Amino acid sequence: YKTTYLFSGANKIEDNLEYLLDYVQAPYYTDENVEKEKGIITQEIRMYLDDPISRLYEKSIANAFIKHPIRIPVIGDEKNINSITKEDLYDCYNTFYAPDNMFLIVSGNVCEKEVFDLVKNHKKLNSLLPKGKVKRKEYDEINEVVSEYKETKMNICLPKMKYLFKVNVNDFKYKDEMKLNMYLNIMIAIIFGPTSEFYEKVRNENIANSYFVDCTKYDKHYLIEFTAETDKADVFKDLVDDYKTVLEQNSLRLLFSLPLIKMFY
């Protein structure tokens, strides 16, 4: 979805900002440095394959979506990486990395006018021509999931599970995306967060060592995901089902009718 360059400092903000703007506008790819990076990324892929939480995430996303490309791991696989050329990277850069497709965010004890002046007067930045709005392909993702249940085995001490709900944005009462995001996350925090009755039950009854809840929007669907480290997956799932009725009964009119995705390692 995005590439983010971040820096922070106590002084010389203008110098650093000038360097950042130069850096973003000066890609440098060669056959040699691309080949060198392939080996590093390949090792990173293997590291993710060895990490239970990463595997759990990738498997669940692949199972939740049928058409949308988010189901494909962002990092790719070794075959993808080995086929990349410097020309591919320049094509990607020249498509997306343009001033009219960028945001600059500055916070802290800085002078607003000085920041604006620096950006407006940046020669390299202003010498680039706008490339026009990036056209993004629409995907007609359906509401179903690939499979109701999947299981993967790894050599770890305690099983990890994910219980996931896939919800179409049209199933919500609120159509304002910002309000919907805010309201939905507030409701989830109240019902399932660390100050909730749900949390107390999980802790006091030793249902899970730990858990967390994510709510993420992928184009036209939300994924509400409960991830837990537990050997009582069915008990945890049933408890979620008990408390999600509270969420269903509020004014959002959530439709949690899609099946369980649960994964064991």
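**Entry 1: second largest pocket**

I looked up the second largest pocket and noted a volume of about 240 Å³. The model is a predicted one, and I read each value below as computed from it. For the lining of this pocket I counted 13 residues. Nearest the pocket's centre I found Ile45, Leu49, Glu58, Pro73 and Gly76. I then asked which elements give two or more residues to the lining. They are α2, spanning 31–49, and α3, spanning 52–64. Of the elements, α3 gives the most, with 4 residues. I also sorted the lining by residue class: 6 are nonpolar, 3 polar and 4 charged.

**Entry 2: a tyrosine patch**

On the surface I looked up a nonpolar patch formed by Tyr5, Tyr19 and Tyr23. Together the three have about 370 Å² of accessible area. I placed Tyr19 in helix α1, residues 13–24.

**Entry 3: Lys201**

I found Lys201 in helix α9, which covers residues 197–204. The relative accessible area of Lys201 is 30%. Last, I checked how far Lys201 is from Glu144. In sequence they are 57 residues apart; in space, C-alpha to C-alpha, the separation is 31 Å.

Notes: Residues are numbered from 1 along each chain as its sequence is written. This is a predicted model: local features need pLDDT of at least 70, side-chain atom pairs count only at pLDDT 80 or more; totals for chains, interfaces and linings use all residues. Side-chain values use heavy atoms; hydrogens and water are left out. On a 1 Å grid over the protein atoms alone, a cavity is a set of points where a 1.4 Å probe fits but cannot get out, and a pocket is an open set with protein on both sides within 12 Å along at least five of seven lines; lining residues have an atom within 4 Å of a point. Grid points are joined across faces, edges and corners, and a volume is the space filled by probe spheres set on the points. Ala, Val, Leu, Ile, Met, Phe, Trp, Tyr, Cys and Pro count as nonpolar, Asp, Glu, Lys and Arg as charged, and the others, Gly among them, as polar. Patches are made of residues with over 30% relative accessible area and no salt bridge: like charges are joined within 9 Å, nonpolar side chains (Val, Leu, Ile, Met, Phe, Trp, Tyr) within 5 Å. Accessible areas come from the Shrake-Rupley method with a 1.4 Å probe; for residues, only the protein chains shown count as cover. A salt bridge is a side-chain nitrogen of Lys or Arg within 4 Å of a carboxyl oxygen of Asp or Glu. Buried means under 20% relative accessible area, exposed over 50%, partly exposed in between (1.4 Å probe, protein chains only).
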